[in-house]
Amino acid sequence: MILEAVKYLAYVLIFPGFLFCFLTGLLLSGIDRKLVARMQKRVGPPILQPFYDFFKLCGKETIIPAAANRTVFLMAPLVGLAGLVVLQLFIPVFSFTAFSSVADVIVILYLLLIPALSIMIGGGATGSPYAGVGLSREMVTVLSCELPLVLVLLAVCKKVGAATGTGLCFSLTEIVRYQMANGSLLGKLSMIPAAVAFLMVIPGETGSHPFDAAEAETEICEGMLAEYSGAPLGVYKLSHSVKILSMTSLFVMLFLGGIGGGIQNLVLALGLAGGAAGALTILLDVIVLFLLCVILTAVAISFVHAVTARLKIEQIFKYYWTVVSALALVSLVLAWYGL
Amino acid sequence: MDFPFVKEAISQLFSKPSCAMYPAVESIAAPRYRGRIAFDPTKCINCLMCERVCCGGAITHTVEKTEEGDKITRSFNLGCCTFCAHCMDFCNHGAIQLTQDYHMIATKEEDLIVSGTFIKKPPVKKAVPPKPAAPAAPAAPVGADAPGGPKETAAPAEAPKPRDDGKPVQDPAKCVYCTICARKCPAGALTVDRAAKTWTLDEDVCVGCGTCAAACPKNAIIM
Amino acid sequence: MFKKLIEESTGKSPWLFHINAGSCNGCDIELVSVLTPRYDAERLGFKLAGSPRHADIVVVTGPITAQSLPRVLRSIEQVPEPRCIVTMGSCPQSGNVFRGSYSICGPLSKYVHVDVDVAGCTPKPEAVIDGLALATQILQEKRRAMK
């Protein structure tokens with residue numbers, strides 16, 4: 001019983017939970033900043049720069065605005081981070097799953113909203129007009145991302161459900177297991193538009209460059225973060241980085257889950273047995289997941305950041321509800337007809 | 001939608017960045033960069049021209065009376081300077097130079113002040129005999145010219161010689177009494193009357209800066 | 001150990017907030033040029049923050065006009081400790097050619113403690129980098145002095 005509790009505590013605090021999110025999230029965001037800089041002919045900051053930023057912010061004074069609600073102002077960032085850590089617990093790492101059996105795609109959809117909500121609540125609690133503008137923009141951004149995201153997830157669920165004969169399969173574990181047995185979904189013709197649509201959703205969902213109207217630092221002083229300083233700001237910056245990890249690892253699990261099968265075969269071929277094989281599998285899983293996340297960050301976030309300029313809020317809305325949604329819908333229809 | 005920088009971004013990812021790695025690699029300013037002021041107090045004659053032309057009011061001086069003479073400290077406040085180099089251009093003795101040094105970082109205001117001290121000796125008093133001669137010299141040609149007398153003999157005969165104390169001498173044959181020298185004189189030592197055709201020098205006020213000679217359109221002033 | 005980590009990080013991630021207090025725009029452009037690919041201050045960790053509450057170093061340009069003075073002081077007050085104030089160009093240090101005008105309230109040092117002066121009109125980007133590096137050191141010392 002105690003062993004069980006310690007195991008789950010380790011899940012929450014160390015491996016798919018907090019520490020893993022902290023390290024990989026900040027590392028991904030450092031790689032993102034470096035890549036953007038290189039694409040813009042710059043040397044760029046060191047890859048560990050987000051770590052420096054985070055620790056520096058921890059050492060700064062926290063100013064609480066007179067108009068703000070103190071409790072909400074301080075708790076909102078923690079709620080957002082907690083939401084993301086929980087989300088990371090529910091996303092399987094190929095064959096390794098911490099809590100995946102109890103949660104499915106719909107829970108992930110809900111959890112993805114929590115960071116955005118926390119930033120909106122925290123920003124709203126400051127009473128700053130910049131936060132007000134940022135809040136309304138963030139809401140529109142979330143709303144525009146949500147439709148294509150739901151359509152993409154539906155398409156994947158339908159595809160896997162049709163193949164396994166359950167109609168619609170909402171379990172992420174099942175989706176990954178299916179891919180490990182039958183190859184990645186990215187290899188299926190009907191899923192390619194959905195994968196492209198998901199790639200386009202990643203920058204919108206993480207609030208990175210062309211879709212960062214809600215946090216435009218040059219026009220509305222980073223919107224909802226305008227009044228934040230010190231450690232709470234650091235937690236928000238950390239949440240932003242962890243969200244990159246969440247979205248990219250979700251992509252890997254939805255469309256590239258088949259690689260997990262390859263890893264298992266590799267470990268089997270090495271002829272290891274028992275605990276050693278399990279540990280090696282998890283280690284390889286994590287390394288492969290991290291590398292894939294880096295590639296996805298480079299393609300979906302850094303590259304898009306380097307070649308585009310910030311969109312207006314109505315352009316974001318129009319883009320997601322037309323181009324990206326259409327792509328996801330094509331995939332859903334194809335999956336419905338069993339392609 | 002149009003993405004004009006796609007090719008650029010990808011090609012840059014695999015080529016060298018175009019950064020000047022400044023703190024690691026020292027960079028030298030352009031040859032005529034106007035940076036930190038270098039002041040050579042040994043050349044300065046305290047003509048005050050630099051203070052007059054400074055648009056930021058960055059140049060000041062203090063005078064301290066000593067036995068040897070006036071101890072003058074001229075200071076340039078770089079925190080007030082526009083680096084227009086007017087002082088350098090107007091300094092006839094080359095005492096002010098704007099160098100290529102651009103590292104003008106200070107944590108205290110004193111760090112930004114460039115100053116130099118020199119002692120200006122009072123005018124030598126034994127120069128009494130030339131004194132009446134100087135006003136007399138211009139007076140003679142005026143008198144000679146008036147009756148339309150012998151120009152050929154007057155001009156070469158009266159050709160002025162440079163004085164040994166570095167103060168200006170007028171060549172009446174060339175002078176047209178345009179008053180530019182009087183207006184340019186930073187010390188206000190020259191009085192030129194256009195109507196009466198007189199050119200007078202107040203030797204006690206003159207610092208011998210040479211601004212009048214440089215300004216004269218007819219080169220009628222000899223230092 | 002955690003304190004040491006914070007101290008180290010403070011020196012590696014200084015965020016700038018730029019206040020234009022009636023500047024002629026020369027210094028503003030040079031400050032932005034420090035962040036361009038040519039000089040790329042981001043490789044040293046510098047970043048332009050949008051809000052004074054995110055900043056560590058406040059860069060003031062311009063001769064502090066009567067209109068801008070209360071706003072400058074309010075913005076500086078909003079920067080969380082430890083903070084560092086850098087004046088860029090001759091204007092905030094003395095008023096430069098605008099000195100003595102009825103609408104100029106400068107110099108800035110009359111109102112707040114200025115940590116670093118970067119002289120020049122306008123300073124070369126290299127000089128700005130020098131000044132910011134010095135400001136970062138001062139920032140680190142201030143952080144060390146905090147409890």
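Author: Helices (H or I, at least four residues) and strands (E, at least two) are DSSP runs, numbered from the N terminus. This is a predicted model, in which local features need pLDDT of at least 70 and side-chain atom pairs count only at pLDDT 80 or more, while totals for chains, interfaces and linings use all residues. Residues are numbered from 1 along each chain as its sequence is written, and chains are lettered from A and ligands numbered from 1 in the order in which they are written.

Reader: How many helices and strands are there in chain C?

Author: Chain C has 5 helices and 5 strands. Along the sequence they follow the pattern α-β-α-β-β-α-β-α-β-α.

Reader: What makes chain C as compact as a globular protein of that length?

Author: Its radius of gyration (taken over C-alpha atoms) is set against the globule rule, 2.2 Å times the number of residues to the power 0.38. Chain C comes out at 15 Å, close to the 15 Å that the rule gives for 147 residues, so it is as compact as a globular protein of that length. The C-alpha trace of chain C spans about 55 × 35 × 20 Å along its principal axes.

Reader: What does helix H2 of chain C lie across?

Author: Helix H2 (residues 26–34) of chain C lies across strand E1 (15–20), strand E3 (57–61) and E4 of chain C. H2(C) runs at about 145° to E3(C), on a scale from 0 to 180 degrees between N-to-C directions, with axes fitted to C-alpha atoms, for helices over the stretch in contact.

Reader: How do you know which strands stand at the edges of the sheet?

Author: Two strands pair if DSSP finds at least two bridges between them. The order of this open, mixed sheet of 6 strands is E5(B)-E5(C)-E4(C)-E3(C)-E1(C)-E2(C). E5 of chain B and strand E2 (47–48) of chain C each have a single partner strand, so one side of each is left without a neighbour in the sheet.

Reader: What joins strand E5 of chain B to E5(C)?

Author: There are 2 bridges between E5(B) (residues 105–106) and E5(C), and the two strands run antiparallel. In E5(C), C:Val118 is the bridge partner of B:Ile105. C:Val118 also stands opposite C:Met88. E5(C) pairs with strand E4 (residues 84–88) of chain C in the parallel sense, over 3 bridges.

Reader: Why is C:Leu134 called partly exposed?

Author: A residue is buried if 20 or more other C-beta atoms, placed from the backbone, lie within 10 Å of its own, exposed if 12 or fewer, and partly exposed in between. C:Leu134 has 19 within 10 Å, so it is partly exposed. C:Leu134 is found in helix H5 of chain C. Buried residues make up 60% of the 147 residues in chain C.

Reader: Which residues is C:Leu134 in contact with, leaving aside its neighbours within four places in sequence?

Author: Contact requires C-beta atoms, placed from the backbone, to lie within 7 Å. By that rule C:Leu134 is in contact with B:Ile105 and C:Val116. C:Val116 is 18 residues away in sequence, yet 7.4 Å away in space, C-alpha to C-alpha.

Reader: How many residues does the contact take from chain C and chain B?

Author: It takes 27 residues from chain C and 24 residues from chain B. H5(C) gives the largest share of chain C's side, 7 residues.

Reader: Where is confidence lowest in chain B?

Author: On the pLDDT scale, the predictor's confidence in each residue from 0 to 100, helix H5 (residues 151–157) of chain B is lowest, at a mean of 44. Strand E1 (residues 37–39) of chain B is highest, at 87. Chain B averages 76.

Terms used:
Two residues are in contact if their C-beta atoms, placed from the backbone, lie within 7 Å.
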